[in-house]
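I opened the model today to look up its helices, its surface and a few side-chain pairs. My notes follow.

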Amino acid sequence: EAAIVLVSRIKDVQHVPRLVLGKGSPSKTLAIWSSALAIFGYERLVASILRRLGLTRIPSTLAAMLSIFAALRTQQKLFGKASSESVANLLRPGVDFLGKWMG
């Protein structure tokens with residue numbers, strides 16, 4: 001029965017590249033996935049640090065987000081807005097992607 005459904009939906013294969021490639025571009029897809037993986041890895045690092053410190057009541061996602069905001073704000077104060085905007089723009093594709101799939 002599953003094979004019949006699969007064969008009847010074979011024409012939907014044409015939509016797979018749009019799901020995998022961000023706006024049809026391999027370079028945009030790479031930017032999306034690399035920034036999303038960097039964000040995910042940082043969140044996992046924060047979670048590990050919180051566990052080791054015994055601060056398990058604080059959500060690691062919240063702690064990671066607040067620490068990134070603090071780091072960007074510090075960078076803005078020390079090096080200017082253009083500097084912090086460039087880092088934020090590097091993370092933006094991953095933030096947009098994760099926000100789309102989480103919300």
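How exposed is W33? I looked up the relative accessible area of W33 and got 42%, so W33 is partly exposed. My cut-offs: buried is under 20% relative accessible area, exposed is over 50%, and partly exposed lies in between (1.4 Å probe, protein chains only).

Ground rules. I am reading a predicted model, in which local features need pLDDT of at least 70 and side-chain atom pairs count only at pLDDT 80 or more, while totals for chains, interfaces and linings use all residues. Residues are numbered from 1 along each chain as its sequence is written, and side-chain values use heavy atoms, with hydrogens and water left out.

Entry: overall fold. I found five helices and zero strands. Read from the N terminus, the order is α-α-α-α-α. Helices here are DSSP runs (H or I, at least four residues) and strands are E runs of at least two, numbered from the N terminus. Of the 103 residues in the protein, 19% are buried. I then checked contacts, meaning heavy atoms within 4.5 Å. Among those between residues at least 6 apart in sequence, 40% join residues at least 24 apart. The accessible surface comes to about 8200 Å². Carbon and sulfur atoms own 69% of that surface. These areas come from the Shrake-Rupley method with a 1.4 Å probe; for residues, only the protein chains shown count as cover.

Entry: helix α3. I checked its length. Helix α3 covers residues 26-52, which is 27 residues. The expected span is 1.5 Å times one less than the number of residues. That gives 39 Å, and the end C-alpha atoms are 39 Å apart, so the two agree. I noted the buried positions in α3, among them T29, I32, S35, A36, I39 and E43. An α-helix has 3.6 residues a turn, so residues three or four places apart point the same way. Just after α3, G54 takes a positive phi of about 75°.

Entry: the aromatic pair. I counted one. Rings of Phe, Tyr and Trp (its six-membered ring) pair if their centres lie within 6.5 Å; planes under 30 degrees apart are stacked, over 60 edge-to-face, and the rest tilted. The ring centres of W33 and F97 are 5.1 Å apart with planes at 50°, so this pair is tilted. W33 sits in helix α3 and F97 in helix α5 (residues 81-102), so the pair ties together parts that are 64 residues apart in sequence. F97 is partly exposed, at 21% relative accessible area.

Entry: G94. This glycine is in helix α5. At 0% relative accessibility, G94 is buried. What does G94 touch, leaving out residues up to four places away in sequence? I listed I32, S35, A36 and I39. G94 and W33 are 61 residues apart in sequence, yet their C-alpha atoms are 6.5 Å apart.

Entry: the salt bridge. I counted one, taking a side-chain nitrogen of Lys or Arg within 4 Å of a carboxyl oxygen of Asp or Glu. The partners are E43 and R44, at 3.1 Å from N to O. E43 is buried at 13% relative accessibility, whereas R44 is partly exposed at 38%.

Entry: a surface patch. Y42, L45, I49, L53, L55 and I58 form a nonpolar patch with about 530 Å² of accessible area together. Patch residues have over 30% relative accessible area and no salt bridge; like charges are joined within 9 Å, nonpolar side chains (Val, Leu, Ile, Met, Phe, Trp, Tyr) within 5 Å. L45 lies in helix α3 and is partly exposed at 47%.
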